Amino acid sequence: MHNVDDVPIPPQGSVAQTSDARALGQLVSVAEELGEGAIAADVRQLVVRINEGRFFVACIGQFKRGKSTLLGALVGEPILPMGVVPVTAVPTVLRYGNQRTARVLIGETWRTIPPDDLPLYVSEELNPENSKQVSGAEVFLPSPLLASGMCLVDTPGIGSVFAGNTETTKDFIPQVDAAILLVGADPPISGEELALIEAVAVNVDEILIVLNKIDRVSADERQQASAFATRVVETRLKRIIGRIYEVSALSRLNNSAIADD
């Protein structure tokens with residue numbers, strides 16, 4: 001395992017415990033009494049999120065849709081590993097912090113790492129099929145977008161040759177509060193993406209659909225892709241999804257001049 005530097009995690013502040021958190025704390029006690037340790041652990045994590053006012057917005061979709069690039073564009077810097085092959089192996093949470101730092105969860109222990117070392121733990125190339133057994137990763141950034149408690153989550157792409165990546169993303173779904181489904185123009189949306197968004201819709205109401213890489217297709221192709229994605233998603237979910245946002249995440253991240261949403 002790579003040596004990790006001792007970089008302090010910035011304090012996130014304390015929030016008075018809510019009535020919901022207190023009720024969940026009682027649920028933890030009941031679960032422990034019944035020997036349901038896994039349930040107790042999940043509820044503890046939820047209590048922490050409620051007390052800190054945090055909520056998860058997960059970016060999901062097929063591999064190579066540009067999820068890591070889009071999240072980097074949203075926070076204003078290329079903080080996540082990107083590449084031409086399947087990249088993300090571990091769900092990575094972008095959180096607000098006064099300092100730019102990161103940490104990874106290995107077993108039951110958080111290890112603080114420099115953000116530049118993040119690919120060693122969350123990328124498919126340097127941690128193939130999560131051979132290092134990383135169960136979580138968090139990056140702390142002084143991004144105004146994250147200051148209200150929103151946490152952006154980069155998830156492993158589905159449909160790649162690494163079957164474990166798809167399962168990892170599916171396992172993360174119960175923790176999602178809202179979702180960004182990232183689709184493309186060629187092909188607009190896959191069967192696996194449809195199945196995934198259907199599973200997400202069971203847990204969350206807020207789903208944004210984003211058509212990425214619009215700089216690579218014509219205006220007519222963009223219109224066709226958006227219309228197709230809208231039609232198949234609304235048919236599958238049996239509800240109106242609203243507009244599809246058309247973006248070029250890479251152009252935005254590189255400050256290139258392109259008109260997008």
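1. First, the terms for the sheet: two strands pair if DSSP finds at least two bridges between them. Strands (E, at least two residues) and helices (H or I, at least four) are DSSP runs, numbered from the N terminus. This is a predicted model, where local features need pLDDT of at least 70, side-chain atom pairs count only at pLDDT 80 or more, and totals for chains, interfaces and linings use all residues. Residues are numbered from 1 along each chain as its sequence is written, and side-chain values use heavy atoms, with hydrogens and water left out.

2. The sheet is open and has nine strands, in the order β4-β3-β5-β2-β6-β1-β7-β8-β9, with mixed pairing. At its edges are β4 (109-113) and β9 (244-246), each of which pairs on one side only. From one strand to the next, the twist averages 25° (angles run from 0 to 180 degrees between N-to-C directions, with axes fitted to C-alpha atoms, for helices over the stretch in contact).

3. Look next at β3 and β4: they run antiparallel and are joined by five bridges. Within β4, T112 is the bridge partner of R103.

4. Helix α6 (residues 191-203) packs on the sheet and touches β1, β7 and β8 (207-211), where contact means heavy atoms within 4.5 Å. The direction of α6 makes about 170° with that of β7.

5. Now the interior. A nonpolar core is a set of buried Ala, Val, Leu, Ile, Met, Phe, Trp, Tyr and Cys residues joined through side-chain atoms within 4.5 Å; buried means under 20% relative accessible area (1.4 Å probe, protein chains only). The largest has 31 residues, and L94, Y121 and L152 have the most contacts inside it. Elements supplying at least two residues each include α3 (67-75) and β6 (150-154), while β5 gives the most, with four.

6. Apart from that core lies another, of 30 residues, including I60, V153, L194 and L211.

Technical notes:
Buried < 20%, exposed > 50% of the residue type's maximum accessible area, 1.4 Å probe, protein only.
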